Amino acid sequence: MSSVASVHSLWTVAHGAPGKIPAPHIEYAQLSPTLIVLGAAVLGVVIEAFVPRRHRYYSQLLLTVVTLAAAFAAVIGLAAGGFGSAKAHIAAMGALAVDGPALFLQGTILLVSLVAVFTFAERRLDPAAHGKHVDSFAAQPAAVPGGAAEQAAVKAGFTTTEVFPIALFAVGGMLVFPAANDLLTLFIALEVFSLPLYILCALARRQRLLSQEAAVKYFLLGAFSSAFLLFGVALLYGYAGTVTYAGIAEVISDGAKQIDPALAGTMGNDALLLIGAALVLMGLLFKVGAVPFHMWTPDVYQGAPTPVTGFMAAATKVAAFGALLRLLYVVLPGMRWDWQPVMWGVAIITMLGGAIVAITQTDIKRLLAYSSIAHAGFILAGVIATSEEGISSVLFYLAAYSFVTLGAFAVVTLVRDAGGEATQLSKWAGLGRRSPLVAAVFAVFLLAFAGIPLTSGFAGKFAVFKAAAQSGAGWLVVVGVLSSAIAAFFYIRVIVLMFFHEPKADGPTVAVPSPLTTTAIAIGVAVTLVLGLAPQYFLDLAGQAGVFVR
């Protein structure tokens with residue numbers, strides 16, 4: 001009876017004293033790009049549940065394209081409204097930053113995702129099955145590969161249209177990741193975009209067992225990296241008594257102003273800071289694909305459906321480098337002398353490791369995977385610069401690299417034989433004589449990867465190496481140039497293979513794509529050439545967006 005009375009008294013006290021728990025203040029307009037994408041992802045799930053199967057493909061494609069375009073328009077609106085500069089601030093009760101780097105990276109992610117969706121929607125590359133168009137994704141992913149259920153799904157002409165809302169959920173997480181302003185938001189965003197990617201990797205129509213193996217490897221290694229990051233978050237909280245970026249930075253630079261009695265025994269312990277920061281950095285370097293956290297990259301890039309590989313290789317790198325920049329520049333600038341030597345070492349082994357191992361590859365997707373690892377090292381050179389020029393050069397490099405990558409993987413989807421995509425390098429011999437236009441386009445992307453002048457790759461590399469040299473990292477630039485020279489060898493080797501070798505009689509054919517893939521490749525070429533021939537406007541844009549709000 002007494003317990004009932006006490007509960008009743010608690011209820012009356014709470015009822016009689018409203019306002020003790022303040023309602024959260026959320027700036028919905030400033031978070032609109034993310035909210036639009038996540039809202040549409042939920043709507044996409046509803047479409048899967050209620051719209052007849054024959055109408056889902058067009059409904060989902062229309063919804064996804066409109067959503068990404070609307071979210072990009074919202075980013076442009078925020079930038080035009082001054083939220084990238086004068087009005088930059090911390091929103092959502094300290095959880096998210098609305099500033100220049102966040103808006104620049106979000107705009108890049110949305111544009112890249114919009115182009116990637118065109119490759120997701122491509123249905124003309126494979127021959128029609130039972131009179132129905134098929135795409136790159138398994139007809140019924142839950143079915144046993146090669147089993148009766150899968151055969152029945154193919155015969156019925158099923159298409160896996162849920163890839164569109166899954167991709168939107170991934171994009172939503174990627175938009176939050178570089179804007180996260182506390183460690184818990186960072187971790188939640190990491191999981192929100194990682195889990196959909198694990199699923200997408202397992203959905204290949206051809207080579208389903210390889211695809212599922214890639215997804216399992218990505219999931220297991222991703223779980224390890226998430227655990228490292230979360231453990232690091234716990235240690236940093238123990239050190240600073242807070243998970244907000246500004247709070248941790250203040251404790252690092254000034255010591256604790258007001259020590260929380262519950263944490264007085266651990267706050268200010270440098271061991272917690274060093275180990276926690278190292279673990280969080282490990283989690284982010286995994287997503288970036290830096291050596292020695294790169295083990296997942298070649299297997300996952302090879303096994304995943306190629307449209308998904310292109311989407312991952314482009315968009316995930318943009319989001320992960322954005323989060324890494326914010327962590328190093330906003331949270332840990334007071335530890336620069338501790339993390340800079342470590343990042344020097346990571347950048348050097350990443351550049352050299354990616355470039356050297358790529359020489360030995362015989363599969364085009366694995367070659368591009370090791371190429372992406374080398375590029376992660378080049379971008380890290382800009383990160384290490386610890387200057388506004390370093391930030392702006394990384395932003396520019398990410399924008400340039402993502403479209404080259406997306407275009408290159410879109411071209412890979414076109415070269416096919418009886419078993420699907422012909423990814424063995426030996427099969428690309430003589431492609432320039434069989435299909436000069438496709439080979440020429442792929443050569444443009446390879447030259448951009450190599451950093452040849454008049455391509456976006458040259459402008460990006462020049463910007464990051466210049467920023468690194470100005471900050472005193474001259475030896476790092478020397479290693480970067482040597483790595484670029486090594487990397488140029490295997491890019492040129494592929495071009496020689498395509499144009500100066502005789503095509504084999506049983507070689508692959510080049511499929512004629514629909515306007516969707518053609519548009520994706522054309523945008524990739526256009527961005528590559530525009531950023532190479534006239535990069536100054538975009539370098540200035542990245543420069544204006546290069547200041548983090550603290």
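Buried, as the word is used in these legends, means under 20% relative accessible area.

View 1. The structure shown is a predicted model. Phe-83 has a relative accessibility of 16% and therefore counts as buried, although its place is in a loop, the one between α3 (53-80) and β1. When neighbours within four places in sequence are left aside, the contacts of Phe-83 are Gln-30, Leu-78, Ala-88, His-89, Val-98, Asp-99, Gly-100 and Leu-103.

**View 2. The protein chain as a whole, for orientation.** The protein chain contains 21 helices and five strands. Its radius of gyration is 24 Å, close to the 24 Å that the globule rule gives for 550 residues, so the chain is as compact as a globular protein of that length. The C-alpha trace spans about 85 × 60 × 40 Å along its principal axes. Of the 550 residues, 58% count as buried, and among contacts between residues at least 6 apart in sequence, 81% join residues at least 24 apart. The chain exposes about 21800 Å², of which carbon and sulfur atoms supply 70%. There are 29 positive and 25 negative side chains, and the centres of these two sets lie 9 Å apart.

**View 3. Phe-177 in the largest nonpolar core.** This core holds 188 residues, and the members that touch the most other members are Phe-177, Leu-380 and Phe-442. Helix α12 (residues 306-331) gives the most to the core, with 18 residues. Not counting residues up to four places away in sequence, Phe-177 touches Leu-186, Ala-189, Leu-190, Phe-193, Leu-284, Ala-319, Ala-320 and Ala-323.

**View 4. Helix α11 and Thr-297.** Six of the eight residues of α11 are buried, so this helix is largely enclosed by the rest of the structure. The buried residues in α11 are Trp-296, Thr-297, Pro-298, Val-300, Tyr-301 and Gly-303, and they pack against α7 (183-201), α8 (208-240), α10, α12, α14 and α15. Thr-297, which lies in this helix, counts as buried at 1% relative accessibility. With residues up to four places away in sequence not counted, Thr-297 touches Gly-289, Ala-369, Ser-372 and Ile-373.

**View 5. The cis peptide bond at Pro-292.** Val-291 and Pro-292 are joined by a cis peptide bond, for which omega is about 5°. Pro-292 lies in the loop between α10 (270-288) and α11 (296-303), and α10 is also among the helices against which the buried residues of α11 pack.

**View 6. Pro-141 in the loop between α4 and α5.** Pro-141 is found in the loop that runs between α4 (100-120) and α5 (148-156), where this proline is partly exposed, with a relative accessible area of 25%. Apart from neighbours within four places in sequence, Pro-141 is in contact with Thr-160, Leu-203, Arg-208 and Gln-212. From Pro-141 to Ile-199 the C-alpha to C-alpha distance is 9.7 Å, for a separation of 58 residues in sequence.

**View 7. Met-93, a residue with positive phi in the loop between β1 and β2.** Met-93 has a phi near 55°, a positive value in a residue other than glycine. The loop in which Met-93 is found lies between β1 (89-91) and β2 (96-98). The relative accessibility of Met-93 is 60%, and this residue therefore counts as exposed.

**View 8. Thr-386, a residue with positive phi in the loop between α14 and α15.** For Thr-386, phi is near 45°, again a positive value in a residue other than glycine. The place of Thr-386 is in the loop between α14 (364-384) and α15 (388-412), and with a relative accessible area of 17% this threonine is buried. Both α14 and α15 are among the helices against which the buried residues of α11 pack.

Terms used
Residues numbered from 1 in each chain as written. Predicted model: local features only at pLDDT ≥ 70, side-chain atom pairs only at ≥ 80, totals over all residues. Heavy atoms only, no water. Helix = DSSP H or I, 4+ residues; strand = E, 2+ residues; numbered from the N terminus. Rg over C-alpha atoms; globule rule 2.2 N^0.38 Å. Buried < 20%, exposed > 50% of the residue type's maximum accessible area, 1.4 Å probe, protein only. Contact = heavy atoms within 4.5 Å. Areas by Shrake-Rupley, 256 points an atom, 1.4 Å probe, with all protein chains shown as cover. Lys, Arg positive; Asp, Glu negative; His and termini not counted. Charge placed at Lys NZ, Arg CZ, Asp CG, Glu CD. Core = buried A, V, L, I, M, F, W, Y, C linked by side-chain atoms within 4.5 Å.
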